[in-house]
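Please walk through this model with the sequence alongside.

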Amino acid sequence: MRKTLAGLALALLLSVMLSDAAAADIYKRHHDHVLGTSLDLVVNAPSETAADTAENAIIQEIERLRAVFSTYDTSSEISRLNQASSMEASADMIRVLEQCEAYRTLTSNALSCRIGGLLDVWASAEHENRLPDRPAMRVAAGEIRRTSIQTDMKTRRISRPELVRFAADSLAKGYILDAALEVASAAAPEVSGILINIGGDIRSWGDGPQDGQWAVAVTPTSELGEGGSAPHAHVLIDEGAIATSGLGPRNRTIEGEAYSHVISPADGWPVSHIQNATVHASDAMTADAIATALLVMDLKPGLVLVENMSGVEAEIVTADQRRHPTSGWAALESMPRKEAEASANWPQDFAFTINFSIPEHDIADYERPYVAVWIADKQRNLIRILMLAGQQERWMEENYYWHRRFGRKAGSLVDAIAGPTRGPGQYDLLWDGLTDDGDPAPAGDYILHLEAAREHGDHQHESIGFTVSDDPFTHQVEPGSEIGPVMIRFGVKD
């Protein structure tokens with residue numbers, strides 16, 4: 001019988017406020033440039049020294065395993081393995097590749113760590129702006145699927161066929177999260193709770209600040225430290241992991257068309273039928289692997305796969321934006337679901353999008369700015385927070401307009417945001433027409449605020465008035481010192 005998640009508490013995130021005493025025991029840390037993205041930590045500890053010990057252990061373990069699994073580092077173990085026909089591998093490499101092969105069987109080849117060569121073809125195609133030959137990709141994918149990989153467990157020697165180039169990203173980040181959590185809890189046994197978020201993949205353990213649980217906002221387009229775009233779900237979890245895989249943030253553009261960065265191991269071609277998939281599991285490697293597999297599998301087999309896995313739940317969003325949860329997913333959600341398209345006070349086929357960029361200045365001490373994007377009404381009441389990027393404790397010092405008006409009242413919204421990783425610079429936000437309480441905002445006049453401030457840099461605040469009605473509009477704002485060009489579109493969805 002499948003384990004159920006019905007015992008998870010249901011609570012409104014915005015009603016949860018930490019007491020002064022509890023807040024003193026919650027330590028938050030942020031690091032950029034970790035595994036090509038950002039790292040955010042939340043540590044429940046009796047002292048800052050204990051939190052620092054856990055943080056240092058996590059950083060050291062991540063760096064140790066980066067040297068094993070990074071395909072961008074030519075000196076890493078996986079890069080050296082891809083250059084050798086046979087090599088003695090570390091215990092970490094053996095474990096991950098063993099699990100890769102197990103998931104390849106479980107998912108009927110929807111997940112494969114063998115297809116690094118096919119991914120290289122697509123990277124070259126993007127660089128040359130020329131599509132790969134589809135029949136040739138299909139043939140190559142079939143040959144890779146049928147080839148045999150030999151692993152001698154006694155000597156830990158892996159024999160790699162020439163056709164195979166390993167790319168273990170779909171499991172490695174989850175494996176690193178699990179390992180980092182394990183070493184941190186061992187290094188700082190007095191710590192009572194830890195949440196690690198690497199680019200939107202999350203692993204939690206112990207007591208969280210939300211009545212012992214951890215609050216996670218699930219968004220299809222962004223990550224903690226990079227901003228939240230109208231999260232479509234809030235979940236409360238105990239010990240476990242959340243991973244989201246999705247299309248869009250890292251799409252390749254070739255010959256003027258967008259292609260997913262996720263390809264099917266069956267034919268080597270990008271997938272497009274699933275928009276994103278979010279998975280909750282007891283460990284991050286499982287959540288990471290299944291989230292990736294669900295992007296490739298057809299909807300029904302994907303749901304059946306998860307339903308047959310003990311302790312695993314998922315929500316799949318198809319290309320038509322329909323959501324398909326497994327039977328236990330609703331028990332994770334901390335507030336009732338309200339569909340934006342059904343409740344927004346505008347025509348059903350309309351969408352409200354905000355597109356802008358954060359320029360990266362070519363200076364030695366450059367730091368990314370702290371960014372806040374929100375909607376208020378004409379009376380300056382907060383309607384919806386669309387984005388808060390940067391370390392929370394610095395919003396007070398840097399984004400002073402946001403903090404003076406709302407920051408002290410907003411409280412601790414979530415402990416982490418789960419979403420697919422995307423590159424820095426361009427931000428694409430979506431307002432679903434709802435307030436932060438999940439109610440439809442009434443028709444009328446509103447103000448969109450964008451604020452950015454940077455250490456050793458400038459401060460910029462833009463306010464743009466608009467009206468919610470049946471009339472479409474487009475509004476542009478010229479670039480400034482900290483916020484690039486802004487484009488607001490309200491009208492029929494693309």
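The model is a predicted one.

Start at Ala 51. This residue sits in helix H2, which spans residues 48-69. Is Ala 51 buried or exposed? Its relative accessibility is 2%, so Ala 51 counts as buried, the cut-off for buried being under 20%. Which residues does Ala 51 touch, once neighbours within four places in sequence are set aside? The contacts are Tyr 27, Arg 29, Val 43 and Ala 45. Ala 51 and Leu 41 are separated by 10 residues in sequence. In space, their C-alpha atoms are 9.6 Å apart.

Next, go to Ser 108. Ser 108 belongs to the loop that runs between helix H4 (91-106) and helix H5 (116-128). Its phi is near 55 degrees. That is a positive value, and the residue is not glycine. Relative accessibility here is 65%, so Ser 108 counts as exposed. The cut-off for exposed is over 50%.

The last stop is Gln 321. Where does Gln 321 lie? It is placed in the loop between strand E14 (313-318) and strand E15 (323-325). Phi of Gln 321 is near 75 degrees, again positive in a residue other than glycine. Gln 321 has 44% relative accessibility and therefore counts as partly exposed.

Key. Residues are numbered from 1 along each chain as its sequence is written. This is a predicted model: local features need pLDDT of at least 70, side-chain atom pairs count only at pLDDT 80 or more; totals for chains, interfaces and linings use all residues. Side-chain values use heavy atoms; hydrogens and water are left out. Helices (H or I, at least four residues) and strands (E, at least two) are DSSP runs, numbered from the N terminus. Buried means under 20% relative accessible area, exposed over 50%, partly exposed in between (1.4 Å probe, protein chains only). Contact means heavy atoms within 4.5 Å.
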